[in-house]
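The sequence and the model come first.

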Amino acid sequence: MRLIILMSFSTYIDPDANCLFVRHYGSFDLGEVLESLEENLSNPIFRIDMNVLRDYRDQTFPSDLTFNLLSGTSKSIMEDYDRKFGKCNAAIVVGDTTSYAKVHQYIVSTRLMVTQIERRLFRDIEEAKQWLGISEDYVISYPD
């Protein structure tokens with residue numbers, strides 16, 4: 001059984017692949033990330049310890065989004081939500097070098113947090129899928 005949800009982000013959950021897929025589009029907004037976390041956790045198909053692939057390739061992080069803002073806001077959010085997601089791998093895929101640099105700084109800054117989530121950053125979605133143990137021929141069926 002699979003469930004598809006439409007919002008300012010697209011979510012696809014596949015229990016057989018043990019993965020929650022989230023594709024973000026439009027303007028980057030930390031509030032949207034929080035909204036997606038809430039939506040994912042309340043989804044009846046979601047299971048604790050399910051891997052996550054967040055796809056930001058169609059989204060550019062704004063130039064005025066500073067590391068301090070991203071890190072400070074995100075860390076407090078993650079400390080709460082990491083416990084709710086359990087032990088899993090989270091792949092984050094971005095589409096440009098600026099976004100990669102900002103997210104990489106954030107990931108490095110969270111390494112001292114107490115969490116069961118291992119996060120990795122990618123520019124290639126196929127590499128992210130491979131790291132999550134998802135087969136090469138797997139097609140993510142986001143809603144249109």
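Strand β2 (residues 9-14) is mostly covered, with six of its six residues buried; buried means under 20% relative accessible area, exposed over 50%, and partly exposed in between, for a 1.4 Å probe and protein chains only. Helices (H or I, at least four residues) and strands (E, at least two) are DSSP runs, numbered from the N terminus. The model is predicted: local features need pLDDT of at least 70, side-chain atom pairs count only at pLDDT 80 or more, and totals for chains, interfaces and linings use all residues. Residues are numbered from 1 along each chain as its sequence is written, and side-chain values use heavy atoms, with hydrogens and water left out.

In a regular strand the side chains alternate between the two faces of the sheet. From β2, F9, T11 and I13 point one way and S10, Y12 and D14 the other, and all are buried. Four residues lie between the strands in the hairpin of β2 and β3, where N18 takes a positive phi near 50°.

Strand β5 (residues 88-94) is also mostly covered, with six of its seven residues buried. The table lists strand pairs; two strands pair if DSSP finds at least two bridges between them.

| Strands | Sense and bridges | Residues opposite each other |
|---|---|---|
| β2 and β3 (residues 19-25) | antiparallel, six bridges | T11 and V22 |

Helix α1 (residues 30-42) has 13 residues and reaches 19 Å from its first C-alpha to its last, close to the 18 Å expected; the expected span is 1.5 Å times one less than the number of residues. Its buried residues are L30, E32, V33, S36, L37 and N40. Seen down the axis of α1, these fall within an arc of 155°, so they line one face of the helix. The arc is that of the directions from the helix axis to the C-beta atoms.

The largest pocket has a volume of about 160 Å³. A pocket is an open set of points on a 1 Å grid over the protein atoms alone, where a 1.4 Å probe fits, with protein on both sides within 12 Å along at least five of seven lines; lining residues have an atom within 4 Å of a point. The volume is the space filled by probe spheres set on the points. Residues H104, I107, T110, R111, T115, I117, E118, R119, R120 and L121 line this pocket. The elements giving two or more residues to the lining are α3 (97-109) and β6 (117-122), and β6 gives the most, with five.
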